[in-house]
Amino acid sequence: MGDVVQMHFSTPDYVIFALLLVASTCIGLFYALSGGRQRTTQEFLLADRSMSCLPVSLSLLATFQSAVAILGVPSEIYTYGTQYWFLGVSYFLGLLVPAHVFIPVFYRLRLTSAYEYLELRFNKTVRIMGTVTFIFQMVIYMGVVLYAPALALNAVTGFDLWGAVLAMGLVCTLYTTLGGLKAVIWTDVFQTIVMFAGQLAVIIVGAHQAGGMGEVWRKAINGSRIASLDLNPDPTERHTFWTLGVGGVFLMLALYGVNQAQVQRYLSSRTEREAVMSCYVVFPCQQVVLCLGCLMGLVMFARYGEDSPLDKGYVKTNDQMVLYFVMDVFRDLPGLPGLFVACLFSGALSTISSAFNSLATVTMEDLIKPYWPAMTEAKATLLSKGLAFAYGLVCLAMAYTASHMGSVLQAALSIFGMVGGPLLGLFCLGMFFPWANSTGAIVGLVAGLVMAFWIGIGHFVSRMAVPTTLPPIINSTAMPLPSNMTTAVMTTAVMTTLITLITAKPKYSDFLSSLNWPTGVQALYNLSYLWYSAHNSTTVVIVGLIVSLLTGPMKEKDLTPGTVYPVLGNLLFFLPECYREILYCVTPLPQKPKAIDTHPYQMARKESNGVSHPKEEEKTEETEREKDEDEETATPQPSCRLAHTLQETAL
């Protein structure tokens with residue numbers, strides 16, 4: 001096998017790539033100089049809660065349609081076939097549950113940070129633990145997602161590595177710091193269009209050169225790349241229908257249900273209905289994105305067949321193979337390679353900018369404001385911008401560190417993928433189980449993180465114990481999901497080892513089972529990566545409930561109104577009202593708020609005695625009059641439910 005074959009950019013390619021960076025910067029400058037000019041934290045962090053459905057949904061899509069998915073999914077399809085396509089089944093519940101469970105709770109509580117919920121439901125300690133876990137997760141991710149695509153691009157095209165890293169990092173930091181969440185969302189919209197255009201161009205030109213889509217499909221069938229429905233229930237199998245369709249649901253819930261970057265977009269919507277609709281719009285968009293990735297993989301197979309550039313030694317890893325294919329297909333079409341690279345880096349920019357903004361938000365709302373409540377709005381806004389800028393510099397520093405990490409980087413990527421499950425479990429524990437207390441939440445989260453690291457490290461050690469005389473594992477892109485919590489970013493330095501951890505074949509399992517190792521523990525080590533989130537979140541819930549029952553379950557009177565979702569009452573909707581009211585037995589959700597610009601609901605605040613108060617206590621005469629009218633016409637509440645009223649204030 002020879003050295004990696006390099007193909008170089010032409011002038012039009014550089015121009016198109018530069019235009020992407022310039023356009024993204026201009027969007028940030030526009031929102032820095034227009035509207036409220038980012039002078040309040042509400043505008044900077046939540047876009048004044050004024051966004052409509054379409055830009056929010058496209059931003060939700062772009063945030064985690066990263067360079068990983070653009071490079072990873074086609075490689076997965078090329079190597080293993082279309083089994084991965086069944087992940088689309090998980091999108092249904094993975095987006096339906098957030099739309100009708102998480103969004104109503106978060107939106108009606110009027111949060112800014114998702115981790116404010118944890119203090120309302122449990123206490124400040126749980127909130128800080130959740131925030132610190134999220135920051136740890138995202139800081140590791142940022143540098144890697146910035147460095148990895150630049151490294152792959154450098155290996156295939158000779159594109160200057162650190163020039164690309166610095167250009168992306170500085171541009172992203174600039175428009176995020178200047179334009180706030182509004183600029184992030186609208187650049188996401190622009191970058192989504194670029195991503196679709198780049199992928200479509202590759203598929204159309206590649207299919208034409210291969211003889212048309214009919215020929216592509218014929219070659220894929222002959223090459224056994226069109227996968228059938230695999231109903232094998234074995235959770236150690238890497239990709240089956242159950243692994244993708246059921247295990248994938250938990251990954252989607254961790255991503256679209258409780259991740260701060262996504263929750264922040266829901267909260268920026270004008271109304272709760274707009275937030276819910278954005279989830280519904282994401283569903284077909286995700287299916288289109290998945291289909292584009294699968295089609296690109298099939299077109300790659302139609303061009304190269306079993307004789308891949310990886311086998312010939314033209315590239316060293318699968319992530320480079322997609323870029324090699326693009327440069328090969330567009331060899332005689334100047335400008336189009338630049339379009340695909342713009343598509344690739346659009347994915348990276350949208351993900352990184354979301355990370356900056358969400359990190360600035362949780363740091364400001366969870367770690368600074370609670371301890372300096374008297375801070376003026378002007379100072380808070382300036383500090384939020386400073387935090388976004390600081391995280392941009394941290395991202396560049398992490399990218400530089402990533403270039404020297406080697407196997408430590410592999411551990412960092414694995415850590416990143418395992419943190420999402422325990423955080424999902426923590427939110428589910430609070431939202432669905434009213435008797436769960438703060439002690440149970442803390443112990444449950446720690447247990448979930450310990451379990452996640454135990455499985456991850458055990459997986460690594462067990463793979464390292466496999467003798468080198470065994471047949472080599474086919475290279476594959478590890479965890480090619482459009483999610484920043486479950487995606488291992490493709491990096492040349494660590495890809496081969498990381499692939500080995502995740503793509504173990506049954507023959508390796510057979511070998512390991514022949515050793516005198518505990519079967520149960522080894523089964524955990526061989527667990528498919530798509531079950532990690534489900535396993536770790538379930539651990540948090542089970543341990544949290546057991547500890548809560550042992551230490552004294554939380555009483556209904558101590559619950560903050562609106563923090564527990566009435567599962568039974570809503571599932572058994574067909575029962576008479578009187579029975580459903582008994583099944584609630586917890587404080588119900590507040591009513592849907594009206595348009596934000598007329599009657600904004602104030603977030604409930606829980607004191608140490610469990611009593612709920614509005615965040616702002618000033619009331620106008622009109623508000624008092626409306627409250628009196630509501631009390632006169634209110635229907636008495638059943639005795640098992642806490643009667644409460646969230647106060648409204650007119651602007």
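Predicted model: local features only at pLDDT ≥ 70, side-chain atom pairs only at ≥ 80, totals over all residues.

Me: Okay, why is Asp 328 called buried?

Reply: Its relative accessible area is 11%. The cut-off for buried is under 20%, so Asp 328, at 11%, counts as buried.

Me: And what makes Arg 331 exposed?

Reply: Arg 331 has 52% relative accessibility. Exposed starts over 50%, so Arg 331 gets that label.

Me: How do you know that Asp 328 and Arg 331 form a salt bridge?

Reply: Their side chains meet at 2.8 Å, N to O. The rule asks for a side-chain nitrogen of Lys or Arg within 4 Å of a carboxyl oxygen of Asp or Glu, so this pair passes. The structure holds 11 salt bridges.

Me: What makes Glu 365 and Lys 369 another one?

Reply: The closest N and O atoms of Glu 365 and Lys 369 are 3.2 Å apart, and the limit is 4 Å. Glu 365 is buried at 7%, while Lys 369 is partly exposed at 25%.

Me: Why is the contact between Lys 557 and Asp 558 called a salt bridge?

Reply: Because 3.5 Å between the closest N and O atoms is within 4 Å. Lys 557 is exposed at 56%, and Asp 558 is partly exposed at 24%. Elsewhere, salt bridges that share partners join Glu 119, Arg 127 and Asp 366 into one network.

Me: On to the rings. Why are Phe 102 and Phe 432 called an aromatic pair, and why tilted?

Reply: Their ring centres are 6.4 Å apart, and pairing needs centres within 6.5 Å, so the two rings pair. The planes are 55 degrees apart. Under 30 degrees would be stacked and over 60 edge-to-face, so 55 degrees comes out as tilted.

Me: What makes the pair a link between distant parts of the chain?

Reply: Phe 102 belongs to helix H5 (residues 90–108) and Phe 432 to helix H17 (residues 407–432), 330 residues apart. Phe 102 is buried at 1%, whereas Phe 432 is partly exposed at 24%. Both also sit in one aromatic cluster, whose members include Phe 106, Tyr 115 and Tyr 565. The count of aromatic pairs comes to 21.

Me: How do you know that Arg 110 lies over the face of Tyr 107?

Reply: Arg 110 is 5.9 Å from the ring centre of Tyr 107. The distance limit is 6 Å, and the charge must also be within 35 degrees of the ring normal. Lys 124 lies over the face of Tyr 371 too, at 5.5 Å from the ring centre.

Me: What else stands out about Arg 110?

Reply: Arg 110 has a positive phi of about 60 degrees although it is not a glycine. This residue is in the loop between H5 and helix H6 (116–121). At 9%, Arg 110 counts as buried, because the cut-off is under 20%.

Me: Last one: which residues make the contact where H7 passes H8?

Reply: The axes of helix H7 (residues 124–157) and helix H8 (residues 161–210) come within 9 Å and cross at roughly 145 degrees. The crossing is right-handed. Among the residues making the contact are Leu 146 and Tyr 147 of H7, with Trp 162 and Met 168 of H8.

Definitions and conventions: Residues numbered from 1 in each chain as written. Heavy atoms only, no water. Buried < 20%, exposed > 50% of the residue type's maximum accessible area, 1.4 Å probe, protein only. Phe/Tyr/Trp six-rings, centres within 6.5 Å; stacked < 30°, edge-to-face > 60°. Helix = DSSP H or I, 4+ residues; strand = E, 2+ residues; numbered from the N terminus. Axes fitted to C-alpha atoms, helices over the stretch in contact; angles between N-to-C directions. Left-handed = near helix turned anticlockwise from the far one by under 90°. Contact = heavy atoms within 4.5 Å.
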